[in-house]
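Try each task before you read its solution.

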Amino acid sequence: MNRTLYTLLFHLGLPLVALRLYLRARKAPAYRQRIAERFACNLPPMQQGGIWVHAVSVGESIAAAPMVRALLKAYPGMPITLTCMTPTGSERIRALFEGEPRVQHCYLPYDLPWAAARFLDHVRPRLGIIMETELWPNHIHQCAKRGIPVALANARLSERSARGYARFAKLTRPMLAEMSLIAVQTETEAQRFRDLGARPECVQVTGSIKFDLKVDEQLVPRAHALREQWGATQRPVWIAASTHEGEDALILQAHRQLLQVHGDALLILVPRHPERFAAVHTLCSEQFTTVRRSSGAAVDAQTAVLLGDTMGELLFLYALADIAFVGGSLVATGGHNPLEPAALALPVIMGSHVFNFQEISAMLREAGALRQVEDASGLAAVVRQLVELPQDAVRMGAAGQKVMQRNQGALHRLLDGLGRLIKR
């Protein structure tokens with residue numbers, strides 16, 4: 001498949017795109033809003049001549065935030081246009097950069113040549129930066145036609161994704177060849193990009209900027225104060241964060257097993273997607289005394305589950321816990337970022353499905369900072385062990401922080417590469 005055929009199929013598939021929006025809007029009404037932006041219509045007024053950064057959703061937006069702040073500082077005369085594809089990503093971007101006049105935001109239009117052209121002509125960026133692996137052939141080609149360099153930042157490419165791209169070599173090779181910088185996390189991924197057609201001189205191993213996560217100095221003291229307010233300083237508190245459909249029931253099963261031994265244990269359960277908050281609350285309430293974080297109600301001695309149903313608080317919720325399970329890993333989603341709890345010196349647990357963070361999870365596991373489990377019983381057993389052997393939990397947390405410290409510096413290396421593109 002070449003780009004012409006891809007574009008034709010995309011146009012033919014627009015009714016399916018509309019159906020998907022409709023179905024998603026039934027669960028998350030925000031998908032009904034700003035539909036015109038997805039076709040580069042009714043775009044908000046934009047400052048031109050700056051940097052365009054695309055972060056598909058919440059995780060990429062959070063990862064991009066330190067880079068965006070560094071770019072704002074390094075290039076004080078340039079606006080930054082942040083795009084995403086989801087309402088939750090949009091909400092996160094607005095929360096992260098509220099009050100920053102040089103950060104402007106809209107949805108990225110669908111990957112149709114005319115929509116991409118209209119968006120680029122509206123924004124006229126000097127540089128495009130795409131976070132991780134959100135590759136869109138027509139957007140990249142329209143940038144190349146206008147002489148706009150495009151960088152792939154914090155790039156990830158699993159073996160499975162590489163095989164998928166390789167099946168469409170006539171589409172993938174020209175697209176990668178048009179990119180000016182591919183800043184990858186590991187040498188393994190660098191070779192995958194080269195094999196797929198990226199120009200070798202444009203592929204640079206910078207590491208993961210997620211290692212450069214900075215924790216607010218007041219975060220942990222605030223969390224400790226809240227636990228004191230709850231009267232929960234001596235209770236075992238564990239968090240299951242970024243969970244997916246099918247995973248919550250397994251988490252609650254593990255919590256039930258833990259309560260049989262430690263009857264005062266508290267679970268903080270944080271679903272990945274806001275549209276699932278209500279359903280997960282129902283699931284929890286049917287089995288346990290549950291408090292919704294969004295209600296502002298206090299956790300008391302009878303509370304067994306705190307549902308994390310707020311946005312932008314994940315790090316704070318991690319800081320409330322003693323032990324962290326990172327979701328998307330007991331189901332075949334590929335897992336989410338284990339470095340967030342590691343930065344807070346928490347012992348980390350994940351399931352067996354970690355292909356989104358294969359290298360990072362392996363580094364943490366080899367350092368003794370991460371344990372992997374297969375099912376609810378295995379999860380309950382590891383949480384119980386860490387509750388009963390707090391010295392093991394402390395040792396795992398310290399090992400995770402050391403991994404973080406050893407691998408920092410990726411953001412600086414990435415900014416050097418981006419700077420060369422801006423100056424040329």
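**Exercise 1. Find the residues with the most contacts inside the largest nonpolar core, and the elements that supply it.**

Solution. This is a predicted model, where local features need pLDDT of at least 70, side-chain atom pairs count only at pLDDT 80 or more, and totals for chains, interfaces and linings use all residues. Residues are numbered from 1 along each chain as its sequence is written, and side-chain values use heavy atoms, leaving out hydrogens and water.

Step 1: a nonpolar core is a set of buried (under 20% relative accessible area, 1.4 Å probe, protein chains only) Ala, Val, Leu, Ile, Met, Phe, Trp, Tyr and Cys residues joined through side-chain atoms within 4.5 Å. The largest has 41 residues, and F119, L152, L176, M179, I182 and F193 have the most contacts inside it.

Step 2: among the elements (DSSP runs, helices H or I of at least four residues, strands E of at least two, numbered from the N terminus) that each supply at least two residues are α1 (3–12), β5 (150–155) and α9 (187–196). Helix α5 gives the most, with 4 residues.

**Exercise 2. Which residues does L176 touch, leaving out those up to four places away in sequence?**

Solution. With contact meaning heavy atoms within 4.5 Å, L176 touches L135, I182, F193, L196, G197 and A198. A second, separate core of 40 residues includes I239, F357, V403 and M404.

**Exercise 3. Identify the residues through which α16 and α17 meet.**

Solution. Q385, L386, V387 and E388 in α16 meet P390, D392, A393 and M396 in α17.

How values were computed
Buried means under 20% relative accessible area, exposed over 50%, partly exposed in between (1.4 Å probe, protein chains only).
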